[in-house]
Amino acid sequence: MPVIRRRPVALWQPVENHLMSVDSRDAVYLKEDDAALLARLQGAIQWAGQAALVRLTAVALQLGLLIALAHVFELETFAFRKVMVLALAGFVVHHLLPMNWRLPFFVILSLGSLVLVVMPLNAIRLVLVGGILIGMCHLPIRFGWRLALIGGTAAALTLARAQVFDLPGYGVLWPILGSMFMFRLIVYLYDLRNQTAPFSVWRSLAYFFMLPNVCFPMYPLVDYQTFNRTYFNEPSPWRMYQVGIKWIFRGMLHLLVYRLVLQNAIIGADYVVDAGDLVRYMITTFSLYLLISGQFHMIIGLLHLFGFNLPETHHNYFLSSSFTDFWRRINIYWKDFIQKVFFNPVYFRVKHLGPAAAMTVATLIAFFFTWLLHSYQWFWIRGTFPMTWQDAVFWGGLAVLVLVNVLYEQRYGRSRLIKGKKRSFASRVGLGLRTVATFCTIVTLWCLWTFQGSASEWLDFMSNITRMDGKTALMIVCGLTGLGIAGALFGDSEREYSAGQKPKLGQRAAEPPYAFWQSAAIVTVLILMVPAIVKYREYLPVGPMARTALGDVRREQSVHVRAERDQGYYEDLTNTKSYNLALWELYNRRPAGWVLSIGQTEAGKSVPHEFHQFELAPSKRVQFMGAEVSTNRWGMRDRDYEKAKPPGVFRVALLGSSISMGWGVNDDETYENLVEQRLNQDFAGKSHERIEVLNFAVAGYSAFQKLWAFDRALEFEPDVILWEVHATGFTWMVNHLSRVIRAGIEVPYPEVREMLEDKGINARSSGLAMRSQLRQLAPELQGWIWSHMKRECDKRGITLQVVILPRADQMRVDEEHLAEMADFARRSGLPVFDLAKAFRGAQDRRTVAVAPGDAHPNVEGHRMLAEALYEQMIASPEWQAALGASSPAATALHDSNR
Amino acid sequence: MPDETKSTVKDFILREFLPGEDPNELQDDTPLITGGILDSIATLKLVAFLEEQFGISIAAHEADVDHLNTLNDIAALVASKRKGG
């Protein structure tokens, strides 16, 4: 209950507005002896208490809707979604607590999020190291000694991170520990040295362990001074809460657009053959940054709900109108950090050189540290310290561009506006043109930064811009015109800030009252519109491609597919699976101890000097992906079989990769074993005494590796050979071939060697050129594989047949691709079992996936695959004849199955 | 004295960063940094002006939103520097 104190002060606001400040300050100041006003206030306090509860409910409901949205669209990791639920409960309790209890409660909640995500023991480890570092900052010794002590500890931690020695239990925690302390400790020490902010145990713990940091190795670099200055810095918390909700929603929209780009628009560098592809590559690569801006908006929005009224982290960075403007709009917290810790101190030290010289020195040093600290960040998150030519050119280039811009602005100034002033038409046109020029330059630099290859390869790659037809040129002009218009209209909007400093009593209100209900209503409607748009996409005035893309946006594509894309700096830092499997498992509800490659178990056998590179070791029994995997004496994941086909046996050989091998399912749960069992149950003893299905599938096998397995399979005298196809396209073939060619391993098929030589593909080819040429040659190579196999099969009287398999996260675009592959197979003269829609019966695709983020079918998925394959087999006249199933009988069986 | 400081600084800001702007729009509590009127370069220009105009020395960590966000803040900073000697 607020305390009413009798102190002289002028009331300049309506009572209700004034009372809003009661929530955050627990005190109202009145004029002495103003009894009438006191009575009015007491009545109003009661009313405001009820109104506050209604507003609290409204904010909580919006947050609940956002959590539901995150769950429905599978946004971010499972761990983050759990923390969001914790945050919702925490938000309500936090708001109802007295002011002086709120910060300790936030700390407890943040520590609770550590326990929730990384488990209690790991949480203790984090707090232990963090506590030691924070404690060292406050030791009662000279600041220099404290710095030395912290430096020594940081050096020891660096050695442990570099695995010079082992710090038991910290392997999984390095990215989180790094994200909490690698930069914030620097800022903290800076502010401690200059005493620019208040310090206390609760403030320190809140700053370093703040919720939801544990879910994000890439975290906004929150400034300690700002963190404290903006804490409940408005008279009313409602605007702050509502802005927080708005930013969480904005972040989720960024993540959805990111997913749309990732699933529908992005292409690998080796696909680029003309100007249209190149422009698409450049824009989509830059657009992947939406992942970071989306995450940062959500994080800062969430912090708003706990009173941290922090400013925006990103502001319309696609509409930057100069390089300094870009620097001020993208990852603004980083810019603020560099300015505070490097730029300003250097500038003030050398300002005697004159403004231009000081600016030059300070800017170049600031960008040098930006470059260095990006590698430093990489080190703490991923464990290595990369120094690449791409980084040097990107940061160096950006430094020069920003410097030129800075010197220009220093000399000629930059037009500024106080709200309400309008630009002239000419000024808007200029703004639009500058937006286009800045965007083109930035995406070019960004493309260089993320490019995997040498400088000369990049130049060759960029020469694709000369291969432009009229249609592409028109599209580019239209796109840039649209960007220019957007820049002209919206490019000069200012960064959304917190309310700034605390309004002083008696001061005129800086802003009109915040329209809370209007904002809450708009945001609620917008949140609800997202699933509605996706659900009712058929009624939207958009083309089929857009509808397909909207349908697919509900699910995140599996990490296996994502890993095949080109990765950039930020992609690599956010994809925890690629550098810290244990952390990824914690984030994604995985049972501990899973291994993601059969090669990490005894059942995997690497043969790096052989064409097929990898095989299964014979006679092994291991735990893989939480399931039992056994190999027979021939190195198949299958039961044991004689090599020579026994009399009276109908034998099928299955060539495939992980889905057919079985991934995260036990030996007797693979669709291949289930089909074999079912065929024997229904048809053994008819045409054949027994039916055997031999599983030659090996996880990760590409087309040529399956071809190698085909030669092995022939030794087992099969009657039918089944060739698995799934939606990885030709990527695995390209990966495998480029790897063996570069390793100098001879391709064991003379005709294929000729095809490669004709294209000039050899061990000396540059990586990108080779991949690009292989990509173009891939359909021809696939056609050759099938015709070669068909010839060999025909000689032996074997039927060769293709099986089209879906993944659990199969998307409509993948189904289109699978349909193309099915057509291709039919045109090659191969019959097809098309199981692409086998999972259509599942209410929710997640129920057939082996785990979140892993699209391999689980037990239920394999059961559905087996059923679909069996049905297609018995419906096929050739199979009916082979199995001894008369057509009516098979039909009856088919009917009974249904 | 603070009013004189504010007036001097206000004239400078209007002249340097807001040419053509209505002086009444720039109030003592108008947010300069958080309101987007002073960016990092303009802030450094303002610091150079304050040092020269008032004969004071401003440290790197003082060139921030806490000390320079409004005319009131700037006047307080100048006053504290002058008082401190």
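## Close-up views of a predicted model

**Figure 1. The loop of chain A that holds A:Asn316.** A:Asn316 lies in the loop between α13 (290-304) and α14 (323-329) of chain A. In this predicted model, A:Asn316 takes a positive phi of about 40°, although the residue is not a glycine.

**Figure 2. A cis peptide bond between A:Leu211 and A:Pro212.** The peptide bond that joins A:Leu211 and A:Pro212 is cis, with omega at about 5°. A:Pro212 belongs to the loop between α9 and α10 (224-229) of chain A.

**Figure 3. An aromatic pair formed by A:Tyr188 and A:Phe208.** Over all chains, a search of the whole structure finds 72 aromatic pairs. In the pair of A:Tyr188 and A:Phe208, the ring centres are 5.0 Å apart and the planes stand at 65°, so the pair is edge-to-face. This pair links distant parts of the chain, since A:Tyr188 sits in helix α8 (residues 184-194) of chain A and A:Phe208 in helix α9 (residues 201-208) of chain A, 20 residues apart.

**Figure 4. The packing of α11(A) with α21(A).** Helix α11 (residues 237-265) of chain A packs with helix α21 (residues 516-535) of chain A at an angle of about 20°, and their axes are 10 Å apart. Angles under 35 degrees count as roughly parallel, and α11(A) and α21(A) are therefore roughly parallel to each other. Their crossing is left-handed. The residues that make the contact include A:Trp238, A:Phe249 and A:Leu256 of α11(A), together with A:Phe516, A:Val523 and A:Val530 of α21(A). Sorted by class, the contact of α11(A) with α21(A) has 11 nonpolar, two polar and one charged residues.

**Figure 5. The packing of α29(A) with α31(A).** Helix α29 (residues 731-742) of chain A and helix α31 (residues 767-796) of chain A meet at an angle of about 120°, with 9 Å between their axes. The two helices, α29(A) and α31(A), are therefore oblique to each other, and their crossing is right-handed. Among the residues in contact are A:Met733, A:Leu737 and A:Arg742 in α29(A), which meet a set in α31(A) including A:Met770, A:Leu774 and A:Ile785. The contact of α29(A) with α31(A) divides into nine nonpolar, five polar and three charged residues.

**Figure 6. The packing of α30(A) with α31(A).** Helix α30 (residues 750-758) of chain A also packs with α31(A), here at an angle of about 160° and with the axes 11 Å apart. That angle makes α30(A) roughly antiparallel to α31(A), and α30(A) passes α31(A) in a right-handed crossing. In α30(A), the residues A:Glu751, A:Val752, A:Met755 and A:Leu756 meet residues of α31(A), among them A:Leu777, A:Glu780 and A:Trp784. The residues of this contact of α30(A) with α31(A) comprise seven nonpolar, no polar and three charged.

**Figure 7. The confidence of the prediction.** The model scores ipTM 0.94 and pTM 0.83. Chain A averages a pLDDT of 88, with 89% of its residues scoring at least 70, while chain B averages 90, with 98% of its residues scoring at least 70. Where pLDDT is low, the predicted coordinates should not be read in detail.

Terms used: Residues numbered from 1 in each chain as written. Chains lettered and ligands numbered in written order. Predicted model: local features only at pLDDT ≥ 70, side-chain atom pairs only at ≥ 80, totals over all residues. Heavy atoms only, no water. pLDDT = per-residue confidence, 0-100. Axes fitted to C-alpha atoms, helices over the stretch in contact; angles between N-to-C directions. Helix = DSSP H or I, 4+ residues; strand = E, 2+ residues; numbered from the N terminus. Parallel < 35°, antiparallel > 145°, perpendicular 65-115°, else oblique. Left-handed = near helix turned anticlockwise from the far one by under 90°. Contact = heavy atoms within 4.5 Å. Nonpolar A, V, L, I, M, F, W, Y, C, P; charged D, E, K, R; others polar. Phe/Tyr/Trp six-rings, centres within 6.5 Å; stacked < 30°, edge-to-face > 60°.
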